[in-house]
Amino acid sequence: MAFDTKTMGPRDLSFILSEAGPISRDAVTILSGSGVLKPGAVLGKVTASGKFKPVTAAAEDPATGADLAVAVLAYGVDATAADVKAVVVARLAEVKTSMLVWGNDFDNDAKKKAAIAELAAANIIAR
């Protein structure tokens with residue numbers, strides 16, 4: 001008898017250590033083309049549109065603001081083909097560093113530490 005091995009991925013809100021209740025969360029729009037995002041994805045905010053997308057380690061145009069980590073996705077979404085509404089942890093929270101979801105360009109600890117410092121500036125403390 002063969003058994004299928006299954007791997008559990010990130011679960012909704014499992015990255016939270018503590019938060020200040022509803023004041024910690026915001027309803028936002030995830031930018032179309034961002035793909036399938038898992039809970040715990042670290043996000044940046046596009047200045048021109050106010051929409052969110054996965055933060056990148058590479059420097060983008062400073063005017064966009066999307067290269068700064070400002071929020072963490074609470075529930076998984078699929079923004080492959082259209083903008084989608086989502087809930088993010090935007091302030092006053094502690095999160096588990098090991099459960100944050102990073103893009104492929106976060107290939108070393110220095111890049112992650114820089115983004116974690118940006119989250120701290122938004123009062124999201126990674127532990």
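Let's start with a strand pair: in this predicted model, E4 and strand E6 (residues 71–73) run antiparallel to each other and are joined by 2 bridges. Within E6, Val72 is the residue that stands opposite Val42.

Strand E4 has another partner too. E4 and E5 also pair in the antiparallel sense, this time over 3 bridges. Here Lys45 stands opposite Phe52 in E5. The hairpin that E4 and E5 make has 6 residues between the strands, and in it Gly50 adopts a positive phi near 80°.

Val46 is worth a stop on the way. This valine sits in the loop between strand E4 (42–45) and strand E5 (52–54). Is Val46 buried or exposed? Its relative accessibility is 14%, and the cut-off for buried is under 20%, so Val46 counts as buried. Val46 also lies 8.7 Å from Leu31, C-alpha to C-alpha, with the two 15 residues apart in sequence.

Here are the strand pairs, side by side.

| Strand pair | Sense | Bridges | Opposite residues |
|---|---|---|---|
| E4 and E6 | antiparallel | 2 bridges | Val42 and Val72 |
| E4 and E5 | antiparallel | 3 bridges | Lys45 and Phe52 |

Which strands form the open sheet, and in what order? There are 3 strands, arranged E1-E9-E10, and their pairing is mixed. Strand E1 (16–19) and strand E10 (124–126) are the edge strands, each pairing on one side only. From one strand to the next, the twist averages 15°.

Now for the nonpolar packing. The largest nonpolar core has 17 residues, and the members that touch the most others are Val42, Leu100, Trp102 and Leu119. Two or more residues each come from E9, helix H1 (109–121) and E10. H1 gives the largest share, 3 residues. What does Leu100 contact, leaving aside its neighbours within four places in sequence? The partners of Leu100 are Gly40, Val42, Val72, Val95, Leu119 and Ala126.

Finally, let's look at the chain as a whole. The chain has 1 helix and 10 strands, and from the N terminus on its elements run β-β-β-β-β-β-β-β-β-α-β. The radius of gyration is 15 Å, close to the 14 Å from the globule rule for 127 residues, so the chain is as compact as a globular protein of that length. Along its principal axes, the C-alpha trace spans about 60 × 35 × 30 Å. Of the 127 residues, 35% count as buried. The chain exposes about 7,200 Å², with carbon and sulfur atoms supplying 57% of that area. Among contacts between residues at least 6 apart in sequence, 67% join residues at least 24 apart.

Note on methods:
Residues numbered from 1 in each chain as written. Predicted model: local features only at pLDDT ≥ 70, side-chain atom pairs only at ≥ 80, totals over all residues. Heavy atoms only, no water. Pairing = 2+ DSSP bridges. Helix = DSSP H or I, 4+ residues; strand = E, 2+ residues; numbered from the N terminus. Axes fitted to C-alpha atoms, helices over the stretch in contact; angles between N-to-C directions. Core = buried A, V, L, I, M, F, W, Y, C linked by side-chain atoms within 4.5 Å. Buried < 20%, exposed > 50% of the residue type's maximum accessible area, 1.4 Å probe, protein only. Contact = heavy atoms within 4.5 Å. Rg over C-alpha atoms; globule rule 2.2 N^0.38 Å. Areas by Shrake-Rupley, 256 points an atom, 1.4 Å probe, with all protein chains shown as cover.
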